Amino acid sequence: LMVDNGGLFESWEPYTPYRSLTVHYGFPAMAALLSWVTRMSSVQATLWVGQLVNGIAALTLYPLAVRLADGKRWAGAGAVLTAGLLSPMPAYYVNWGRYAQLAGQAVLPVALWLLWDGVEGTDEGIPWKALLLAGGMLSGMALSYYRMPFYYVVFVLSWLVGWGVPHWELTLRPWLKGVGRLALIAGIALLLFLPWILRIAGGHLATAVAAGTTRTPPLERVLADYRVWRDIDSYVPYPLLIVGIVTLGWSLARRRWVVASIGLWILGMASLVAAALINVPGANMMQNFAVLIALYIPFSLLTGWVVGQIAEITQRSRGIIRWGLGTVVLALAFWGAARQTGIVSPQHIMVTRPDTRAMEWIRENTPSEARFLVEGFRIYNGYSAVGADAGWWIPLLTQRENTMPPQYALLNETPEEPNYGQVVVGLVTHLETVSPATRDSVQLLCDRGVSHVYVGQGQGKVGANAVQLFSPEL
């Protein structure tokens with residue numbers, strides 16, 4: 001839509017009947033930019049930029065890791081090695097296409113480094129250049145992914161404990177200066193973000209955030225969301241968990257409080273969902289899954305700090321020990337790279353080669369007003385729904401309508417027809433229990449303008465909780 005409209009837009013036509021834009025757009029803007037520059041299709045640009053951001057998300061950890069380790073460059077190398085080759089995250093994002101969150105996480109370490117630089121500066125006056133950069137980066141990060149400011153704020157609070165207290169102690173003047181600079185960064189970011197705040201005010205997203213300040217979610221729902229932590233090793237493998245825990249203990253023993261504050265950051269992020277119980281604004285929009293798949297950041301920083309400490313020790317040793325450290329790092333890199341080559345999981349692939357051939361056939365052989373019944377399943381306790389095979393991509397690839405709009409539109413934007421979202425989810429709910437071949441179901445499909453049915457190569461089974469609505473035989 002950004003490519004079609006030459007920038008931001010209001011209407012989601014011709015792809016789906018929605019007429020507002022309030023969701024974050026950082027990653028789509030990146031993909032659109034590549035498409036404009038290279039004349040690449042928007043689909044290909046999305047895939048390419050997704051992988052570029054995937055690599056950048058590991059590389060941008062380097063400066064923050066070096067700063068955390070007092071300038072030890074081996075710490076930066078260790079952090080990049082961990083995130084890029086030893087951790088399943090962020091590489092595994094290729095299977096989800098969750099690139100909006102990944103784009104925000106690629107910016108996050110840079111935003112934190114700039115914040116640290118602006119607040120730590122020794123200038124007696126106001127370092128406007130540093131603060132403007134920090135504020136601009138914070139605003140851009142928020143436009144890439146709305147949950148990122150929560151991760152950012154939790155880091156700042158932890159950092160003030162681990163870095164601010166030891167450096168400023170209980171002296172009022174440095175605290176006033178530091179907190180004043182933090183306030184300026186927040187003010188600059190808010191000023192840059194203000195036009196978008198005015199745009200989203202009154203929309204579904206703003207209403208949902210406001211609801212979280214007045215309605216407390218049931219405790220059972222919050223506890224259910226925390227069950228995903230039982231699978232933490234799927235996102236942070238046990239060896240990295242152990243290294244992280246040992247590192248926190250070592251940093252406490254050596255009184256490296258700023259490193260130990262990374263542990264507070266992890267605890268703070270883990271507490272974000274529970275913050276909804278005390279009606280913290282926006283906490284009702286948080287997910288523990290979104291936190292878990294971001295934990296590669298703090299654990300990579302902790303691992304990098306250990307590598308930096310080991311490198312410092314070996315610098316005082318004979319050359320053979322230094323060469324040994326380099327050999328171990330290279331061996332880990334090659335081992336990790338070999339493992340990452342198999343990171344793509346076929347079970348997550350939406351559009352396969354047979355599907356692309358089917359899309360070509362649809363473009364050439366169906367009327368422009370054709371509307372396809374496609375597979376999907378409900379999410380968010382039945383509140384919304386998503387596609388479960390290539391049928392979800394029909395509007396984008398063929399310019400024909402289907403029965404499953406994009407998730408961002410369905411969840412956040414204003415439909416052209418009142419209650420359109422409920423109609424979409426209601427159809428999925430109906431087909432979960434009633435065969436589409438019954439007389440009532442056929443009548444329901446006809447009433448909703450369905451003229452064709454699409455059976456994708458994935459046959460409605462793409463997705464962790466996907467339940468096939470109709471078989472090819474049916």
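Is Leu277 buried, exposed or partly exposed? Leu277 is partly exposed, because its relative accessible area is 32%, and that value falls between the limits of 20% and 50%. This is a predicted model.

Start with the place of Leu277. It sits in the loop between helix H13 (257-270) and helix H14 (288-292).

Now turn to the open spaces. The second largest pocket holds about 590 Å³ of space. It is lined by 26 residues. Closest to its centre are Leu86, Pro239, Leu240, Leu332 and Trp335. Which helices each supply at least two residues of this lining? They are helix H5 (73-86), helix H12 (238-253), helix H15 (296-315) and helix H16 (319-340). H16 gives the most, with seven residues. Sorted by class, the pocket lining has 17 nonpolar residues, seven polar ones and two charged ones.

The volume of the largest cavity is about 30 Å³. Its lining is made of Leu373, Val374, Thr403, Met404, Leu427, Val428, Leu431 and Leu469. Helix H20 (residues 420-433) provides the largest share of that lining, three residues. Seven of the lining residues are nonpolar, one is polar and none is charged.

Charged side chains are the next stop. Side chains of opposite charge can pair when their charged atoms come close. How many salt bridges does the model have? The count comes to eight.

Take the pair of Glu10 and Arg199. The closest N and O atoms of this salt bridge are 3.4 Å apart. The pair links distant parts of the chain, 189 residues apart. Glu10 lies in the loop between helix H1 (2-5) and helix H2 (26-38), and Arg199 lies in helix H9 (residues 172-200). Glu10 counts as partly exposed because its relative accessible area is 48%. Arg199 is partly exposed too, with a relative accessible area of 30%.

Arg67 and Asp117 form another salt bridge, with the closest N and O atoms 3.4 Å apart. Arg67 is in helix H4 (residues 61-68) and Asp117 is in helix H6 (residues 99-120), so the pair ties together parts that are 50 residues apart in sequence. Why is Arg67 called buried? Its relative accessible area is 18%, and buried means under 20%. Asp117 is partly exposed, with a relative accessible area of 28%.

The last pair is Arg378 and Glu432. Here the closest N and O atoms of the salt bridge are 2.8 Å apart. Arg378 belongs to strand S2 (residues 376-379) and Glu432 to helix H20, 54 residues apart, so this pair also links distant parts of the chain. Arg378 has 33% relative accessibility, so it counts as partly exposed. Glu432 also counts as partly exposed, because its relative accessibility is 31%. Some salt bridges share partners: Arg67, Asp117 and Glu120 are joined in this way into one network.

How values were computed: Residues numbered from 1 in each chain as written. Predicted model: local features only at pLDDT ≥ 70, side-chain atom pairs only at ≥ 80, totals over all residues. Heavy atoms only, no water. Helix = DSSP H or I, 4+ residues; strand = E, 2+ residues; numbered from the N terminus. Buried < 20%, exposed > 50% of the residue type's maximum accessible area, 1.4 Å probe, protein only. 1 Å grid on protein atoms, 1.4 Å probe; cavity = no way out; pocket = protein on both sides within 12 Å on 5 of 7 lines; lining within 4 Å. Points joined across faces, edges and corners; volume = space filled by probe spheres on them. Nonpolar A, V, L, I, M, F, W, Y, C, P; charged D, E, K, R; others polar. Salt bridge = Lys/Arg side-chain N within 4 Å of Asp/Glu carboxyl O.
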